[in-house]
Amino acid sequence: MEWETFICWTSIYAEALDKRVSARMRDVYSIRSGDRVRHIPVERTLFFETAVKPHHVILHSVDGWLDFIGRLNDIERRLDGSFIRTHRSYLVNRKKITEMDLRHNRIKVGDGVCLVSRKMKSVLLEKLDGGLV
């Protein structure tokens with residue numbers, strides 16, 4: 001094999017691998033806690049909520065919950081549209097919303113209930129096109 005062909009195939013392989021890794025990293029949310037990093041699959045994540053403890057966020061998933069240091073604004077930017085901010089304290093996986101109670105400003109996500117602020121109610125309905133995803 002010629003050297004130029006080898007370099008070409010190597011760069012094609014590296015580009016494909018990079019795209020695969022990037023796609024896989026979008027499919028997980030990584031949380032650093034001390035010296036440990038946990039990778040939580042996005043499809044198993046129900047919602048994030050602010051904790052009572054300052055600067056802490058609770059991730060709720062189908063497997064349980066996890067408390068970590070973070071900010072909802074940073075998480076919202078990182079998840080880029082797959083989650084909806086329903087309240088200043090909640091960031092919800094739009095695919096996991098199972099029920100909306102607009103009269104009482106609440107939505108059901110898995111077994112949990114999240115608040116919907118009056119301000120975010122119209123935004124939520126717009127993003128969901130008036131119905132559940």
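Which helix holds both D74 and R77, and how many residues apart do they lie? Both lie in helix α2, three residues apart, or about one turn of the helix. This is a predicted model.

**Nonpolar cores**

- The largest nonpolar core has 14 residues. Those with the most contacts inside it are Y29, I31, F48, L59, F68, I75 and L79.
- Four elements each supply at least two residues of this core: β1 (28-33), β4 (56-61), β5 (64-69) and α2 (72-79).
- Helix α2 gives the most, with three residues.
- Setting aside residues up to four places away in sequence, I31 touches R36, V37, R38, I40, L59, L66 and F68.
- A second, separate core has 12 residues. Among them are L46, I97, I107 and V109.

**H56 in strand β4**

- H56 lies in strand β4.
- Is H56 buried or exposed? Its relative accessible area is 14%, so H56 counts as buried, the cut-off being under 20%.
- Neighbours within four places in sequence aside, H56 is in contact with T50, A51, D67, F68, I69 and G70.
- One of these contacts, F68, is also listed among the residues with the most contacts inside the largest nonpolar core.

- Side chains of opposite charge can pair when their charged atoms come close.
- The count of salt bridges comes to four.
- R44 and D63 form one of them through their side chains, at 2.5 Å from N to O.
- This pair links distant parts of the chain, 19 residues apart. R44 sits in the loop between β2 (36-41) and β3 (45-50). D63 sits in the loop between β4 and β5.
- R44 has 34% relative accessibility, so it counts as partly exposed.
- D63 has 57% relative accessibility, so it counts as exposed.

- R71 pairs with D74, and their closest N and O atoms are 3.8 Å apart.
- The side chains of D74 and R77 also meet in a salt bridge, at 2.6 Å from N to O.
- R71 is partly exposed because its relative accessibility is 47%, which is not over the 50% cut-off for exposed.
- D74 is partly exposed too, with a relative accessible area of 34%.
- R77 is exposed, at a relative accessible area of 59%.

**Positive phi angles**

- H55 is not a glycine, although its phi is positive, at about 70°.
- Where is H55 found? H55 is in the loop between β3 and β4.
- H55 is exposed, with a relative accessible area of 65%, whereas H56 is buried.
- N105 is another residue other than glycine with a positive phi, near 55°.
- N105 has its place in the loop between β8 (97-101) and β9 (106-109).

Conventions:
Residues numbered from 1 in each chain as written. Predicted model: local features only at pLDDT ≥ 70, side-chain atom pairs only at ≥ 80, totals over all residues. Heavy atoms only, no water. Core = buried A, V, L, I, M, F, W, Y, C linked by side-chain atoms within 4.5 Å. Buried < 20%, exposed > 50% of the residue type's maximum accessible area, 1.4 Å probe, protein only. Contact = heavy atoms within 4.5 Å.
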